[in-house]
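Here is a friendly walk through one protein model, written for someone who likes cut-offs stated plainly. Have a look at the sequence and the fold, then read on.

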Amino acid sequence: MAFTIRQLQYFIAVAEQGTVSGAAQNLSISQSSVTEAIKELEGDLGVELFERHPRGLNITHKGHQFLRHATKILADVSDARRAFFGEQAAAGGRLQLGVTSLVAGYVLSDLLARYRRAYPGVEISAIEDNGDYLEHLLIGGKLDIAVMVTSNLRDRTALQSEILEVSAYRLWLPLGHPLSGADIIGIGDIASEPLIMLTVDEIEENTGKLLAAIGAKPHVAFRTRSVEAVRSLVATGAGVALLPDLVYRPWSLEGDRIESRDISGSLPVVQVGTVWRRGSGLPQAARDFIGLAQSQRMVRQRPEKIGR
């Protein structure tokens, strides 16, 4: 494989922005440069990273998988560069950090590990809570920064955010479920299925909206705040789940297999990012955290809806 760092940057920008035009504008380059880079990358990998349609682009499942690898590659490159700035990294300071339950173990853990390696002299204190409370703490100056779901921020006038992860919803099924053999699965196909509902962040609200759009009321078999509980319940056949691909893992804690399938139609995405109080004088430790996060995602603006 002969893909370049630049191609990875362009790919991540398109994945985040949802359009070639949006990525090109964000990167300050021509659309043809972005299009050519994506085609070359797909040729090197031998897979389609995006589905093309009249309204724009949809990232494929293979694309989602490669997005994780691309992000890690760019993060490792950033770490390598930062290794030459030992004196700056050794600087002290304090970082007051907040995180929501959904992203604590799926986004923050890797980011925080990289930050600790880059800035070992910074004292970090972290709190996990719901998004509304973290917004309250940010606005009140009790937190420097939070890593949380940004697609449902309540007070956008007082808060500023940067995207770290964009994750589409997929259907979780137990091994051998009848729907696992279907060529295409639509929202209507799961309307009568018992649902295992995750009740953190915006998950329950989005799932309810999806089913309400086809006139169906969710048939909730179990509500839980634990992703691991969802895995176990789905794996043992207690129901199915609609969850962002961000938290998918193919096995439950008991070792039972979980399948994940695409759902046809227009589904929401979960946006996860860093959030801080707009206009605040952030301490250097917080600015360094934001800078490291930005280098991981190579994005400067919130993504737009898919379209031309």
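## Around Thr60

Thr60 touches Glu48, Leu49, Phe50 and Glu51, leaving aside residues up to four places away in sequence; a contact here means heavy atoms within 4.5 Å. Thr60 sits in the loop between strand 2 (56–59) and helix 4 (61–82). Helices (H or I, at least four residues) and strands (E, at least two) are DSSP runs, numbered from the N terminus. With a relative accessible area of 12%, Thr60 is buried. Buried means under 20% relative accessible area, exposed over 50%, and partly exposed in between (1.4 Å probe, protein chains only).

## About the model

This is a predicted model, in which local features need pLDDT of at least 70 and side-chain atom pairs count only at pLDDT 80 or more, while totals for chains, interfaces and linings use all residues. Residues are numbered from 1 along each chain as its sequence is written, and side-chain values use heavy atoms, with hydrogens and water left out.

## The overall picture

The protein has ten helices and eleven strands. Of its 308 residues, 49% count as buried. Among contacts with a separation of 6 or more, 75% come from residues 24 or more positions apart.

## Strands 3 and 4

Strand 3 (residues 94–99) and strand 4 (residues 123–128) run parallel and are joined by six bridges; two strands pair if DSSP finds at least two bridges between them. Leu97 has Ala126 of strand 4 as its bridge partner. Between the two strands the chain passes through helix 6 (residues 101–118), and this β-α-β crossover is right-handed. That term applies if, with the strands pointing away from the viewer, the path from the first strand over the helix to the second runs clockwise.

## Helix 7

Which residues of helix 7 are buried? They are Gly131, Leu134, Glu135, Leu137 and Leu138. Because they cover an arc of only 165 degrees around the axis, they lie on the same side of helix 7; the arc is that of the directions from the helix axis to the C-beta atoms. These buried residues pack against strand 3, strand 4, strand 5 (145–149), strand 6 (159–174) and strand 11 (269–277).

His136 also belongs to helix 7 (residues 131–139), but at 52% relative accessibility His136 counts as exposed.

## Aromatic rings

How many aromatic pairs does a search of the whole structure find? It finds six. Rings of Phe, Tyr and Trp (its six-membered ring) pair if their centres lie within 6.5 Å; planes under 30 degrees apart count as stacked, over 60 as edge-to-face and the rest as tilted. Tyr115 and Tyr119 form a tilted pair, 5.1 Å centre to centre with 40 degrees between the planes. Tyr115 is buried at 0% relative accessible area, and Tyr119 is buried too, at 5%. Phe3, Phe11, Phe50 and Phe66 form one aromatic cluster.

Ser252 lies in the loop between strand 9 (241–244) and strand 10 (258–261) and is buried at 7% relative accessibility. Beyond residues up to four places away in sequence, Ser252 touches Arg231, Ser232, Ala235 and Ile258.

The charged end of Arg257 sits over the ring of Trp251, 5.1 Å from its centre. The criterion is NZ of Lys or CZ of Arg within 6 Å of the ring centre and within 35 degrees of the ring normal.
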